[in-house]
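This report walks through selected contacts in one model. Keep the sequence and the coordinates open while reading.

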Amino acid sequence: MPLSVRLKPTDSIVILTGAGISKESGIDTFRCADGIWARYDLDDVATPQGFRRNPSLVHQFYNDRRRGLFDPAVQPNAAHLALAELERSWRGKVLLVTQNIDDLHERAGSRTLLHMHGELLKAFCQHCRTVQPCTHDLSVDDHCLSCGRKGGMRPDIVWFGEMPYHMERIQTALADADLFLSIGTSGHVYPAAGFVAQAASAGAHTVELNLEPSEGVSYFDQAVHGPATEVVPAFVRELLALA
Ligand code: NAD
Ligand code: APR
């Protein structure tokens with residue numbers, strides 16, 4: 001679908017991605033029919049209350065998902081790679097904000113990247129509040145690498161009801177955006193689901209690239225529906241033809 005607005009090659013682009021961009025890499029989404037919330041009660045594994053109730057269950061949930069990242073079959077797909085190419089070749093600013101906790105954008109080569117819901121490959125100590133790399137299984141018996149204390153380590157993941165990371169930088173970028181792309185997200189979770197309205201009110205052209213219409217599709221100027229590995233590379237090619 002042709003871009004329905006004239007863009008300058010120096011324009012600023014803000015991109016939001018969700019679980020759908022990683023689906024074709026073999027990582028489950030949350031709210032599709034076969035999604036994670038169809039198999040787990042999110043109150044048990046994605047809330048601070050759930051972690052307090054049963055930390056071992058929460059550690060096992062995230063340990064399983066962290067181990068999945070090391071499966072050789074789980075690789076960045078054409079959509080991740082296209083966004084990394086856009087960042088390298090676009091003359092204007094490109095900020096990639098992801099709700100995803102996997103590392104596929106990094107492995108695809110994206111650099112200006114913010115994980116607003118945290119990262120599976122990081123852990124957080126509730127005693128000394130430091131964030132540290134984590135590539136192994138976490139448990140209640142882990143000691144913090146920084147303060148040495150035991151029993152305080154949790155996945156560095158933003159749970160339901162917690163404040164997302166990097167919100168100030170994201171709001172500043174949205175206020176300055178000329179183009180806002182939303183890729184592979186259902187538009188169910190706030191504040192991410194509200195970014196399109198913020199970008200639009202700042203004058204950005206807004207485009208949804210998703211398998212099917214999201215909950216917020218009516219907020220977008222344009223919508224392109226199809227698998228991310230098809231629609232995202234095609235859209236990036238069109239943008240780079242302007243560069
Ligand atoms: P919420 O209170 O933000 O929203 C619950 C639901 O209400 C949303 O999923 C949305 O459908 C609706 N909603 C919220 N704000 C709305 C608005 N302004 N207009 C219309 N509908 C609105 O609870 P939440 O979704 O659990 O998120 C709370 C915090 O937890 C957010 O900061 C979010 O980033 C963080 N978080 C949420 C999830 C998640 O799956 N919901 C996961 C990780 C982090
Ligand atoms: N290509 C493009 N989009 C896809 C594909 C695909 N191959 N497969 C699925 N999708 C779309 C679905 O249509 C859906 O709209 O991706 C979206 C995934 O939505 P969710 O499962 O709700 O994932 P997401 O929007 O990232 O969830 C937001 O909710 O539970 C929290 O912390 C979690 O960050 C997550 C947040």
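Is D141 buried, partly exposed or exposed? D141 is partly exposed, because its relative accessible area is 47%. The model is predicted, and the values below are computed from it.

## D141 and its partner

K150 pairs with D141 in a salt bridge. The closest N and O atoms are 3.9 Å apart. The cut-off for such a bridge is 4 Å. K150 is also partly exposed, with a relative accessible area of 47%. Elsewhere, salt bridges with shared partners join D64, R67 and D137 into one network.

## Other salt bridges

Side chains of opposite charge can pair when their charged atoms come close. The structure holds twelve salt bridges.

One of them joins D34 to K23, with 2.9 Å between the closest N and O atoms. This pair links distant parts of the chain, eleven residues apart. K23 sits in helix α1 (20-23), while D34 lies in the loop between α1 and α2 (42-45). D34 counts as partly exposed because its relative accessibility is 42%. K23, at 31%, is partly exposed as well.

D103 and R107 form another bridge, and their closest N and O atoms are 3.1 Å apart. R107 is partly exposed, with a relative accessible area of 32%.

## The site of ligand 1

Which residues surround ligand 1? The shell consists of R31, H117, V158, W159, F160, G161, E162, P164, H188, V189, Y190 and P191. By class, the shell residues divide into seven nonpolar, three polar and two charged.

Backbone atoms of the protein lie close to ligand oxygens at several points. For E162, a backbone N or O atom is 3.0 Å from an oxygen atom of ligand 1. For W159, the distance from a backbone N or O atom to a ligand 1 oxygen is 3.3 Å. A polar backbone atom of Y190 is 3.4 Å from an oxygen atom of ligand 1. Ligand 1 exposes 760 Å² when taken alone, and the protein buries 58% of that.

## H59 in helix α4

H59 belongs to helix α4, which spans residues 55-68. H59 counts as buried because its relative accessibility is 2%. What does H59 touch beyond four places away in sequence? Its contacts there are F51, L138, S139, V140, M153, R154 and P155.

Note on methods:
Residues are numbered from 1 along each chain as its sequence is written. Chains are lettered from A and ligands numbered from 1 in the order in which they are written. This is a predicted model: local features need pLDDT of at least 70, side-chain atom pairs count only at pLDDT 80 or more; totals for chains, interfaces and linings use all residues. Side-chain values use heavy atoms; hydrogens and water are left out. Helices (H or I, at least four residues) and strands (E, at least two) are DSSP runs, numbered from the N terminus. Buried means under 20% relative accessible area, exposed over 50%, partly exposed in between (1.4 Å probe, protein chains only). Contact means heavy atoms within 4.5 Å. A residue is near a molecule or strand if one of its heavy atoms lies within 4 Å of it. A polar contact is a pair of N or O atoms within 3.5 Å; within protein, one must be able to donate a hydrogen and the other to accept it, and residues adjacent in sequence count only if both atoms are side-chain atoms. Accessible areas come from the Shrake-Rupley method with a 1.4 Å probe; for residues, only the protein chains shown count as cover. Ala, Val, Leu, Ile, Met, Phe, Trp, Tyr, Cys and Pro count as nonpolar, Asp, Glu, Lys and Arg as charged, and the others, Gly among them, as polar. A salt bridge is a side-chain nitrogen of Lys or Arg within 4 Å of a carboxyl oxygen of Asp or Glu.
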